[in-house]
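Subject: Structure for your review

Dear colleague,

Please find below the structure I am handing over to you. My notes on its salt bridges and nonpolar cores follow.

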Amino acid sequence: MANVTVIGAQWGDEGKGKIVDWLSERADVVARFQGGHNAGHTLVVGEKVYKLSLLPSGIVRGTLSVIGNGVVLDPWHFRDEVAKLKGQGVEINPDNLQIAETCPLILPFHRDLDGLREDASGAGKIGTTRRGIGPAYEDKVGRRAIRVCDLAHLDDLDLQIDRLTAHHDALRAGFGEAPIDRAQLMADLTEIAEFILPFVKPVWLTLNKAKAAGQRILFEGAQGTLLDIDHGTYPFVTSSNTVAGTAASGTGLGPNAAGFVLGIVKAYTTRVGSGPFPSELENDIGQRLGERGHEFGTVTGRKRRCGWFDAVLVRQSVAVSGVTGIALTKLDVLDGFEELQICVGYKIGDQTFDYLPAHAQDQAKAEPIYETIGGWSETTAGARSWAELPAQAIKYIRRIEELIGCPVTLVSTSPERDDTILVRDPFAD
C-alpha cells in the first residue's frame, strides 16, 4: 500500500484538515513535515469541531502522529494545544505523539522580532501571522537555533545563547528594544522542558521502521504551494518549502517515501494577507463566495480574499509538487451561480502568459484571462457519489482536470468528513 503526501495546491486554507482527517483513519502514521503553528486545520467530527495549528491531524483519530524535523516548534503553544484537545476528550500521550529531536524552537524573542519587523515595514508588509515562524527558520539556517534536543542539555547552552544574543541583541537595539534577558530565557526553557521531553524521539527512526514494516504513512503539509519560499509569490510567502518534496527532508525519509501526492484545491480561490491574486473579485461575487465559504483564517481569524478558480496557478503547483491527483473542496459553495469563470491565462501589458512570472511587479500587474462556463441551480451539498452531482457540476470538474493536467481524486461537498466522493483511492496505488 502506498504512502500519501497531502499538500495545499493554492495559497493555503484549501480544506486540508478534513481530507487529512478522512485519510488518517486508514493510515498507520501521520507526519507533519514543515511550517509551524501558523498552519490552521479545522476538523469537523460529528458534533465536535477541532482547530489544530501545530499538531498533526491524525491525533484526533488516535493515529500515531509525529512532528518532523522540518517543523519549527513553539513549545508553549504545543503545551496549550495539547491541553485544549485533551479538554475536548482527545487522548494525547508520548505513545501516540512524537516530536523530532532536531526541531528548532520558536522562542519569545522570535515572536517579538516578527511583530517589530512587520510593524516597521509599512506598505511593504508581507502579512505574517506574527508567531515567530520566519525568525525561527532564520536562526536554523544561521546555525544558532536552540533545538528540541537542547532541552535535555540546558547546562550546555551558554555558547549557543552567545551566538543567539550576538545576532538578536543587535536587531533589538535597532528597534529600541532591550537585549534578551538570558536569565529569563533559561528559566522559560527550564520550565517547559519537563513537559516537552517525554514526547521527544528520533522521529526519522520511527518513520523508517514504519516504512520498512510496510505501514502506511500520511505526510501532512501546511500552507500551500503558492506560499513556498522558492516556488511561491515571493516575497509574500511563508518561510519554509511547502512543496511535496519537503516531506522527505522534513522527516528524515528518502524521496521515494512520498508516494501518492494529493493536492488539495478549492473549487474557487482564496488568499489571506498581502500579495498578488490575479483572479481576486473585489465585488459582490467575491463577497458571496466569502460568506458562503465562511472564509476566515483558522489561525488568524483574518478575512480571506476570494476569487474565481485559477487553473494557471494550480497547473504550476501540480508541476512543482509532482501532484498525482487533486482533492477538490468546497464545490457546494458554487451552488446557485448562473455562470462561473475560470482563469486560463494572464495578460501583462501586451504579452500573454500561461504561467505566472516570477517577479513581484509582473505578478501584481497580471490580468486574468477568463473562460466562462455555465453554473448549476441544484445543490451539491452533502453529495457522496457522482450520481448525486448536477451534470453541469461534473462538467466544471472535468474542465478543471483538462486545464490543470491532473485528475480529480476526491471531491468534498461539505465540512463533514463523510460528505466526500472518492474517485481514486490514494492509499491503493
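With which residue does Asp-419 form a salt bridge? The partner is Arg-384, and the closest N and O atoms of the pair are 2.8 Å apart. A salt bridge here is a side-chain nitrogen of Lys or Arg within 4 Å of a carboxyl oxygen of Asp or Glu.

Before the remaining findings, a note on the source: this is a predicted model, in which local features need pLDDT of at least 70 and side-chain atom pairs count only at pLDDT 80 or more, while totals for chains, interfaces and linings use all residues. Residues are numbered from 1 along each chain as its sequence is written, and side-chain values use heavy atoms, with hydrogens and water left out.

Asp-419 lies in the loop between strand E17 (408-412) and strand E18 (420-422), and Arg-384 in the loop between strand E16 (367-374) and H12, so the pair ties together parts that are 35 residues apart in sequence. Helices (H or I, at least four residues) and strands (E, at least two) are DSSP runs, numbered from the N terminus. Asp-419 is buried, at 9% relative accessible area, whereas Arg-384 is partly exposed, at 47%. Buried means under 20% relative accessible area, exposed over 50%, and partly exposed in between (1.4 Å probe, protein chains only).

In total, the structure holds 20 salt bridges. Another of them joins Glu-138 and Arg-117, at 2.7 Å from N to O. Glu-138 belongs to helix H4 (residues 133-141) and Arg-117 to helix H3 (residues 108-120), so this pair links parts 21 residues apart in sequence. Within helix H12, Arg-399 and Glu-402 are three residues apart, about one turn of the helix, and they form a salt bridge with closest N and O atoms 2.8 Å apart. Arg-399 is partly exposed, at 24%, and Glu-402 is exposed, at 56%. A network of salt bridges links Asp-13, Lys-266, Glu-295, Arg-304 and Lys-330.

Turning to the nonpolar cores, these are sets of buried Ala, Val, Leu, Ile, Met, Phe, Trp, Tyr and Cys residues joined through side-chain atoms within 4.5 Å. The largest has 89 residues, of which Phe-78, Leu-189, Leu-331 and Tyr-396 touch the most other members. Helix H12 (residues 391-404) supplies the largest share of this core, six residues. Apart from this core lies another, of 15 residues, including Val-6 and Phe-427.

Kind regards
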